[in-house]
Amino acid sequence: MKILVGAEWRVLALLRHSKIADGLPLSVEKRAQDNLGTLTVDPMRLRQILLNLLSNAFKFTKQGEVTLQARRVADGRDWIEFAVIDTGIGMTAEQLGKLFEEFSQADRTSAQRFGGTGLGLAITRKLARMMGGDVTVTSEHGKGSVFTVRLPGSGDS
């Protein structure tokens with residue numbers, strides 16, 4: 001599937017026509033390369049990954065913005081990276097440590113305040129790994145988070 005015309009950008013259309021974004025701005029950035037290459041992944045799974053990460057970003061960002069970035073990375077192997085960046089509540093190191101565990105949430109108050117089952121990020125990581133990639137996160141409490149999905153690219157440009 002070609003990046004920028006593939007299923008992953010249809011996620012944005014879903015968000016624009018839903019209550020998920022709740023009026024917050026969503027910016028989409030494609031890094032310097034004109035052609036990010038080709039992904040050979042399941043488009044439905046990629047859509048699910050991006051929708052989950054973007055939904056979470058909007059859920060935990062009441063003021064500020066959410067950004068979706070896409071870029072090509074070559075580090076001995078070709079990758080396509082999607083980064084979901086938010087200016088939301090962020091997380092502590094302790095919260096980050098259990099973030100991808102099933103039925104786990106950042107803490108009890110977050111679960112009560114924001115809802116959810118604690119399965120979304122565990123499923124998201126499993127889907128990415130099934131396609132030969134991974135999901136990682138960096139975060140600063142009170143400042144926001146960056147979730148990065150790295151999937152194998154084809155090396156064409």
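In which helix does Q48 lie? The first legend answers this for the predicted model.

**Figure 1. Q48 on helix α2 in the predicted model.** Q48 belongs to helix α2, which covers residues 43-59. Its relative accessible area is 43%, so Q48 counts as partly exposed. Beyond its neighbours within four places in sequence, Q48 is in contact with I123 and L127. T124 lies 76 residues away along the chain from Q48, yet their C-alpha atoms are separated by 7.6 Å.

**Figure 2. Overview of the fold.** The protein has 5 helices and 5 strands. Along the sequence, their order is α-β-α-β-β-α-α-α-β-β. The chain has 157 residues, and 44% of them count as buried. Take the contacts between residues at least 6 apart in sequence: 68% of these join residues at least 24 apart. The protein exposes about 8,300 Å². Carbon and sulfur atoms supply 52% of that area.

Figure 3. Helix α5 spans residues 120-130. Which of its residues are buried? They are L121, A122, T124, R125, L127 and A128. An α-helix has 3.6 residues a turn, so residues three or four places apart point the same way. The buried residues of α5 pack against helix α2 and against strands β4 and β5. Here β4 covers 134-140 and β5 covers 144-152. After α5 comes G132, with a positive phi near 90 degrees.

**Figure 4. The largest nonpolar core.** This core holds 28 residues. Which members touch the most others? They are F82, F147 and L151. At least two core residues come from each of α2, β2, β3, α5, β4 and β5. Strand β2 covers 66-74, and β3 covers 78-86. Helix α2 gives the largest share, with 7 residues.

**Figure 5. Contacts of the core residue L151.** L151 is one of the core residues that touch the most other members. Leave aside its neighbours within four places in sequence. L151 is then in contact with L39, V41, L46, D78, W79, I80, A128, M131 and G133.

**Figure 6. Strand β5 and its pairing.** Is strand β5 largely enclosed or open? Of its 9 residues, 7 are buried, so β5 is largely enclosed by the rest of the structure. Strand β5 pairs with β3 in the antiparallel sense, over 8 bridges. On that side, I85 stands opposite V146 of β5. Strand β4 also runs antiparallel to β5, and 7 bridges join the two. There, T136 stands opposite T148 of β5.

**Figure 7. The β4-β5 hairpin.** How many residues lie between strands β4 and β5 in their hairpin? There are 3 residues between them. G142 of this hairpin takes a positive phi near 85 degrees. The bridge partner of E140 is G144, in β5.

**Figure 8. P152 in strand β5.** P152 has its place in strand β5. Is P152 buried or exposed? Its relative accessibility is 14%, and the cut-off for buried is under 20%, so P152 counts as buried.

**Figure 9. Charged ends over aromatic rings.** Which ring does the charged end of R125 sit over? It is the ring of F100, whose centre is 3.8 Å away. The charged end of R77 sits over the ring of W79, 4.5 Å from its centre. Across the whole structure, the search finds 0 aromatic pairs.

Key
Residues numbered from 1 in each chain as written. Predicted model: local features only at pLDDT ≥ 70, side-chain atom pairs only at ≥ 80, totals over all residues. Heavy atoms only, no water. Helix = DSSP H or I, 4+ residues; strand = E, 2+ residues; numbered from the N terminus. Buried < 20%, exposed > 50% of the residue type's maximum accessible area, 1.4 Å probe, protein only. Contact = heavy atoms within 4.5 Å. Areas by Shrake-Rupley, 256 points an atom, 1.4 Å probe, with all protein chains shown as cover. Phe/Tyr/Trp six-rings, centres within 6.5 Å; stacked < 30°, edge-to-face > 60°. Lys NZ or Arg CZ within 6 Å of the ring centre and 35° of its normal. Core = buried A, V, L, I, M, F, W, Y, C linked by side-chain atoms within 4.5 Å. Pairing = 2+ DSSP bridges.
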